[in-house]
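This briefing is meant to be read beside the model, with the sequence and the coordinates open.

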Amino acid sequence: MISRPIKEGFSGVGRHWAMSISSAIAVTITLVIISVFLLLTWNVNNFTQNIESSLDIYASVDYDAENQEAALKKKIEAIDGVESVELSPKSAEFQAYLDSFSDERTKEAFEPYASDNPMHDAFYVKAADGSKIQSIADALYEMKNNNEGLYEISYGGQSTISIVDAMANIRKIGMILVIGLILLAIFLIQNTIKLTITARATEIEIMRNVGASNRFIRSPFLIEGVIIGILGAAVPIGLTIWGYIALYNNAGGILISNMFHLVEPYPFVYYVSGILLLMGIVVGFIGSWLSVTRYLRWKR
Amino acid sequence: MIECSHVFKRYKNGTNALYDINIKVDQGEFIYIIGPTGSGKSTLIKLLDGEEVATKGSVKAVGIDVGKLKRGQVPVYRRNIGVVFQDFRLLPEKTVAENISYALEVINMKKPQIQKRVKEVMQVVGLEDKGDSFPRELSGGQQQRVTIARAIANRPKVLIADEPTGNLDPAKSAEIMELLAEINKKYGTTVVMVTHDASIVNRYRRRTVVLEHGHIVADLAEGGYVRHDQ
């Protein structure tokens, strides 16, 4: 009979509603904190990816080496960590330069140079991930120094790399905090349920006296824990959905500057909600398992 | 039905509770185990229902060596014996009928059978109209009847009653005694009753085992309360 533990679990929550509510509040508090960290970590992750994906290394080609561009491209592509290499001809570079001015008069002043283009052809090198930028740039500098046809190398430099490193650290710290908070939640719930069960130790003893097996006694308590976990997750889920959407709309999708784009709320908030619900269930289950097992140990 | 041979019990904290206990109880017998507080009565019951294991010697009940049971087998073994407690031990959040049916759900009895059996035993103990009441709404004597109904619901061969009249006044005690005697006679259930109520032992005379300081000091077939003061 599977229905018995479920039925008894529900009525257990109802009959001990004060205890159930206090356990659920313990879940709620930790899950709210976990939710904040999840949103933060996820967004930081997103920033990092955005920044990393916009980190191109620019390498212009010597005038003398313009006929070797195909070979150069192959050579750059062979550098470890390079995802893609794109060649931009000097005409495009010149146009991009012109486009960077907003007033027409400056643009007109530069027009005459179009026929005698001073720009260089250039490679735009994309790194597979942020940590590789430095080593790729170093390899390109080496090519330049060996006179292999590169004229100038430029990339965001040390500062962008530090941002990427900082983001990676924030992400790591966030993950550690989330794991720590989950353990804390289990501990809190275990303690609250332990209180509930201490009050019900006699009940468990009676069940044992009439010959109930441990599994028979334990299963309704586990269902109770899961119900408490779900109840406890309800408020954090609501706050997450409402709060994040409000934040996103008020901030216009960006944080501080255009560099930090927030993750689109849909379906992001549903993912986070799903994780919170799952955590509530798991934490409720483990918490009540640990506390009920204490009273089911046979001293024999 | 019950056989204790050369049973010694020494608790982990060093307390010696029982010394060389030898008791043999036949099927259908009704015996008293009497003795003052600390004489080892409770320990003897714990050995019988599998809560504790004898340090030496063997405890056998309904053909099972209780001390040799694995932990997981103890609940199953307990279904063979009904236990009635002085403090009733009813589940406070369950009604009378639910309390009795719990003992039957435990042994996986089917729902319609449970309902039928619960009705039967409530009749036996004379509480057929109290099924929907909660234990706190009943008097002590009535609660003890519910406990007895629960203990006999799955037709155990042995009924252990631990001071069943301890919390009751003399009139209610007499009713409980009559009920136990009826169960013993009608269903052939072996009854082991632990008590220190001298008036009961003297009034309803039966085989009486006297425990003192963990020793059996008397085993009287004709019964009667014995005080063994050194």
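**A bent helix, and the model as a whole**

In this predicted model, α9(A) bends by about 25° at Ala234(A), and the proline Pro236(A) follows within four residues; the bend at a residue is the angle between axes fitted to the seven residues ending there and the seven starting there. Because the model is predicted, local features need pLDDT of at least 70 and side-chain atom pairs count only at pLDDT 80 or more, while totals for chains, interfaces and linings use all residues. Residues are numbered from 1 along each chain as its sequence is written, and chains are lettered from A and ligands numbered from 1 in the order in which they are written.

**Chain A**

- Helix α9 of chain A covers residues 214-251, and its 38 residues reach 54 Å from the first C-alpha to the last, close to the 56 Å expected at 1.5 Å a residue, where the expected span is 1.5 Å times one less than the number of residues.
- After α9(A) comes Gly252(A), with a positive phi near 70°.
- Chain A has 10 helices and 6 strands; helices (H or I, at least four residues) and strands (E, at least two) are DSSP runs, numbered from the N terminus.
- Of the 300 residues of chain A, 30% count as buried; a residue is buried if 20 or more other C-beta atoms lie within 10 Å of its own, exposed if 12 or fewer, and partly exposed in between, with C-beta atoms placed from the backbone.
- Ile173(A) belongs to helix α7 of chain A, residues 158-199, and it counts as partly exposed because it has 14 C-beta neighbours inside 10 Å.
- The C-alpha atoms of Ile173(A) and Phe37(A) are separated by 9.9 Å, although these residues are 136 residues apart along the chain.
- Among contacts in chain A between residues at least 6 apart in sequence, 86% join residues at least 24 apart; two residues are in contact if their C-beta atoms, placed from the backbone, lie within 7 Å.

**Chain B: overview and the sheet of 4 strands**

- Chain B has 7 helices and 10 strands, and 43% of its 230 residues count as buried.
- An open sheet of 4 strands in chain B has the order β2-β1-β4-β5, with antiparallel pairing; two strands pair if DSSP finds at least two bridges between them.
- At the edges of this sheet stand β2 and β5 (64-65) of chain B, each with a single partner strand, so one side of each is left without a neighbour in the sheet.
- Strand β1 (residues 2-10) of chain B pairs with strand β4 (residues 56-61) of chain B in the antiparallel sense over 5 bridges, and within β4(B) Cys4(B) stands opposite Val59(B), while the bridge partner of Glu3(B) is Lys60(B).
- β1(B) also pairs with strand β2 (residues 16-25) of chain B, in the antiparallel sense over 6 bridges, and in β2(B) the bridge partner of Cys4(B) is Ile23(B).
- β1(B) and β2(B) form a hairpin with 5 residues between them, and Gly14(B) in the turn has a positive phi of about 100°.

**Chain B: the sheet of 6 strands**

- A further open sheet in chain B, of 6 strands, has the order β6-β7-β8-β3-β9-β10 with mixed pairing, and its edge strands, β6 (81-84) and β10 (215-220) of chain B, each pair on one side only.
- Strand β7 (residues 158-162) and strand β8 (residues 190-195) of chain B run parallel and are joined by 5 bridges, and in β8(B) the bridge partner of Leu159(B) is Val191(B).

**The contact between the chains**

- The contact takes 13 residues from chain A and 18 residues from chain B.
- On the side of chain A that touches chain B, the elements that give two or more residues are α1 (3-15) and α8 (201-209) of chain A, and the largest share, 4 residues, comes from α8(A).
- The residues of that side of chain A divide into 5 nonpolar, 3 polar and 5 charged, where Ala, Val, Leu, Ile, Met, Phe, Trp, Tyr, Cys and Pro count as nonpolar, Asp, Glu, Lys and Arg as charged, and the others, Gly among them, as polar.
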